[in-house]
Amino acid sequence: MKNYLVKPGSKVSFKKCDPDGKRDMPFGKGKAQDKLRDLVDELRKLQSRLYAGHKHRLLIILQAMDTAGKDSTIRHVFTGVNPQGVRVASFKAPTQEELDHDYLWRIHSKTPAKGEIAIFNRSHYEDVLVVKVHDLVPPKTWKKRYSQINDFERMLSDEGTTIIKFFLHIDRNEQKKRIEERLNDPKKAWKFSEDDLKERKFWDNYQKAYEEAISRTSTVWAPWHIIPSNEKWCRNLLITSIIVDKLKKLGMEYPKPAKGLDKITVK
Ligand code: ATP
Ligand code: MG
């Protein structure tokens, strides 16, 4: 399967990124769902070793336009893992206390500890996305943030955190469809927010902001993947397989039993 990695130093253009994903899949939806089940199970086993080993940390960053499926990705991909070792951090508009600190303050405290997986539902990237699109801080401030973010992620990586970043790529029509579903399906209505309509008007600005952010911050130590997400089954399969691949490369084993365990008898 293609892994949709953004090569460090390359310039991203969404025009060249298919949001559909089906065309590049080696199989159809039915087979993909079987594969996903296997991969989710593999992820469960790998996370069990990550947790037991208490050595590696994994940080997964999810960014996307509204309705692209960050929540649903988390539900589907991590459905099998032990909740003890996984934390989801959702970053909304900052509170006054957060605004009174630097923009990485609230982020750093949510990064994973040894043995943990942290999933960021939005992240410090909002500080070069929504902040840029809506002029929330002057350009001279946000322009410095790309290299600050690269340095911050480099530090995390040097200290033993594996970082994988995903942009869930949908097109404008798909977003329209999904907002309409939220309006028309009573089970989805709770997800509808007027803000999604307001932000949709800035679609082009957001796409440009994303292209720039991804181009400038896909690094060897914290690479971006642009995941075609119009089709949820493609999205889930690709993301799970990339995470499983990365975890496998860590070569994790359960810690060796302490010496003398074989001599202990439980009375
Ligand atoms: P969902 O709609 O699926 O519940 P969401 O992530 O869109 O999830 P919302 O509460 O709708 O959650 O939106 C959070 C909002 O907070 C987004 O519009 C986002 O751009 C905004 N936000 C996040 N970080 C920042 C930031 N640093 N500065 C300003 N706004 C931010
Ligand atoms: Mg929202």
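This is a predicted model: local features need pLDDT of at least 70, side-chain atom pairs count only at pLDDT 80 or more; totals for chains, interfaces and linings use all residues.
## The largest pocket

Let's start with the open space. The largest pocket has a volume of about 1500 Å³. Its lining is made up of 50 residues, and those closest to the centre are Asp66, Lys70, Lys92, Arg122 and Asp196. Several helices give two or more residues to this lining, among them α3 (96-99), α8 (172-184) and α11 (232-249). The biggest share comes from α2, with five residues.

What kinds of residues line the pocket? The lining divides into 24 charged, 16 nonpolar and 10 polar residues.

## A cluster of rings

The model holds five aromatic pairs. In one of them, Phe14 and Phe167 have ring centres 5.0 Å apart and planes at 15°, so they count as stacked. Phe14 belongs to the segment before α1 (29-53) and Phe167 to strand β4 (residues 161-169), so this pair ties together parts that are 153 residues apart in sequence.

Phe167 also pairs with Tyr210, this time in a tilted arrangement, with 4.5 Å from centre to centre and 40° between the planes. Tyr210 sits in helix α10, so here the linked parts are 43 residues apart in sequence. Together, Phe14, Phe167 and Tyr210 form a cluster linked by ring pairs. Phe14 is buried at 7% relative accessible area, and Phe167 is buried at 1%. Tyr210 is buried as well.

## Charges over rings

The charged end of Arg145 sits over the ring of Tyr103, 4.3 Å from its centre. Arg154 lies over the face of Trp221, 4.4 Å from the ring centre.

## An exposed glutamate

Glu194 is part of helix α9. Its relative accessibility is 54%, so Glu194 counts as exposed.

Notes
Residues are numbered from 1 along each chain as its sequence is written. Chains are lettered from A and ligands numbered from 1 in the order in which they are written. Side-chain values use heavy atoms; hydrogens and water are left out. On a 1 Å grid over the protein atoms alone, a cavity is a set of points where a 1.4 Å probe fits but cannot get out, and a pocket is an open set with protein on both sides within 12 Å along at least five of seven lines; lining residues have an atom within 4 Å of a point. Grid points are joined across faces, edges and corners, and a volume is the space filled by probe spheres set on the points. Helices (H or I, at least four residues) and strands (E, at least two) are DSSP runs, numbered from the N terminus. Ala, Val, Leu, Ile, Met, Phe, Trp, Tyr, Cys and Pro count as nonpolar, Asp, Glu, Lys and Arg as charged, and the others, Gly among them, as polar. Buried means under 20% relative accessible area, exposed over 50%, partly exposed in between (1.4 Å probe, protein chains only). Rings of Phe, Tyr and Trp (its six-membered ring) pair if their centres lie within 6.5 Å; planes under 30 degrees apart count as stacked, over 60 as edge-to-face and the rest as tilted. A charge sits over a ring if NZ of Lys or CZ of Arg is within 6 Å of the ring centre and within 35 degrees of the ring normal.
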